Amino acid sequence: MRRLTRLALLPATLLIFPLIGAPQAFSQAGRGLPGSTEPAGISGTVVYQADNKPAQRVKVEVKTSSGQSIDTYLTGTDGKWSTTAIPPGQYVIVIEVEGYKPVRQSEELLGYPGVLTNIALVALPGAKPPAAAAGPVVSARELGLPQEAQDALHQGTDALFKKHDPAASLPFFQKVLVMAPDFYEAAYYQGVALMELGRKKEAEDAYKNAASLSDDKFPDADFALASMLTDEKQFADAEKLIRTGLLMMPDAWNGQLELSRVLLATGKFADAEQSALAARKLKPDFPRVYLLLANIHQQLHRNDAVLDDLNTYLKMFPNGPYVAQAKAMKEQTEKALGRTPTPNEPL
């Protein structure tokens, strides 16, 4: 059966590359007349230019003109997205999809009724379109389920992974657990869906249930829980879970990444480096591992290594959300080495 592990973001305790914050709360006294300066929203639709089909589950980041992130949103199955009410001002819409030209679209929000945008993603020459989510691989455990439970599981995973509708997937996973209470994968999928919906406490409970049902023999649940604990600065508990998971799955790159996050946050820089290097070896195409290494090497006062990490990140992910900070850190590091800052390669 396919397992989906939550890709961990870098912790807020790092020196650079802060996490995208929670949606800002703005006062909304009520809708004004068109043209009023009441807080309003930005919304729109994202499609693929080649066939005009909706771009589903695409991340849309909205920033202020100064580069401050307001929040990141996901398009729905119809390609639509929208912000909450935000103050009038200049904003930039940022979209980055592998294989497509990055989008940097400036918009001026004057107030109610807001801004409506339509964005078409243009494929890069020779690039393949994003692959559709692969269907789950049938496991022996799944084959042991009653047919009705198998059908419910397929409907749930289709809703979650193919249709990208986590809310619709939840009743199917619950049905599986009613018919097969020890099928811990369904509880894990519940956790994934709940995280997608932003219901973190319920997701945590679902992950814990998956771990309990598996008699603590399901590493994906350990890594998912550990990621949440690290975000909450519960480092000792997170490390225990990660090491338990790595004993069962030592080649899990996300487990090594999570372990490195914990070790960096607790000041064990040399050990953090080893875990991050292991994650890089297992998953060399994951750009944020290079940012993690840059922070570790900075703590180890290895400025040449910091530059290597940052240059690799900038080359691999030239339009990433942390490029400005990476460039600033690169310039600072070069000055510390007594070098003239080198110009960055054109994007």
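**Group meeting talk: helices, cores and salt bridges**

Hi everyone, let's start with helix 8: twelve of its 13 residues are buried, so helix 8 is largely enclosed by the rest of the structure. Buried here means under 20% relative accessible area, exposed means over 50%, and partly exposed is in between, with a 1.4 Å probe and protein chains only. Helices (H or I, at least four residues) and strands (E, at least two) are DSSP runs, numbered from the N terminus.

A quick word on where this comes from: this is a predicted model, where local features need pLDDT of at least 70 and side-chain atom pairs count only at pLDDT 80 or more, while totals for chains, interfaces and linings use all residues. Residues are numbered from 1 along each chain as its sequence is written, and side-chain values use heavy atoms, with hydrogens and water left out.

Back to helix 8. Among its buried residues are Trp-253, Leu-257, Glu-258 and Arg-261. What covers them? The cover includes helix 6, helix 7, helix 9 and helix 10, going by contact, that is, heavy atoms within 4.5 Å. From first C-alpha to last, helix 8 reaches 19 Å, close to the 18 Å expected at 1.5 Å a residue. That expected span is 1.5 Å times one less than the number of residues.

Now look at helix 4, residues 184-196. Helix 4 also has twelve of its 13 residues buried, including Tyr-184, Ala-187 and Val-192. Just after helix 4, Gly-198 takes a positive phi of about 80°.

Next, the nonpolar cores. A nonpolar core is a set of buried Ala, Val, Leu, Ile, Met, Phe, Trp, Tyr and Cys residues joined through side-chain atoms within 4.5 Å. The largest one has 33 residues, and Ile-242, Leu-257 and Tyr-313 have the most contacts inside it. Which helix gives the most to this core? Helix 10 does, with seven residues. Tyr-313 touches Pro-287, Tyr-290 and Leu-291, among others, leaving aside residues up to four places away in sequence. There is also a second, separate core of 31 residues, which includes Phe-173, Leu-177, Ala-187 and Val-192.

Last topic: salt bridges. A salt bridge is a side-chain nitrogen of Lys or Arg within 4 Å of a carboxyl oxygen of Asp or Glu. How many are there by this rule? The count comes to twelve salt bridges.

In the first, Arg-261 and Asp-231 meet at 2.8 Å, N to O. This pair links distant parts of the chain, with Arg-261 in helix 8 and Asp-231 in helix 6, 30 residues apart. Is Arg-261 buried or exposed? Arg-261 is buried, at 1% relative accessible area, whereas Asp-231 is partly exposed at 33%. Asp-231 and Arg-261 also belong to a network of salt bridges with Glu-258.

In the second, Asp-205 pairs with Lys-201, the closest N and O atoms being 2.9 Å apart. Both sit in helix 5, four residues apart, so about one helical turn separates them. Lys-201 is exposed at 54%, and Asp-205 is partly exposed at 37%.

In the third, Arg-199 bridges to Glu-202, with 2.8 Å between the closest N and O atoms. Arg-199 is partly exposed at 34%, and Glu-202 is partly exposed at 39%.
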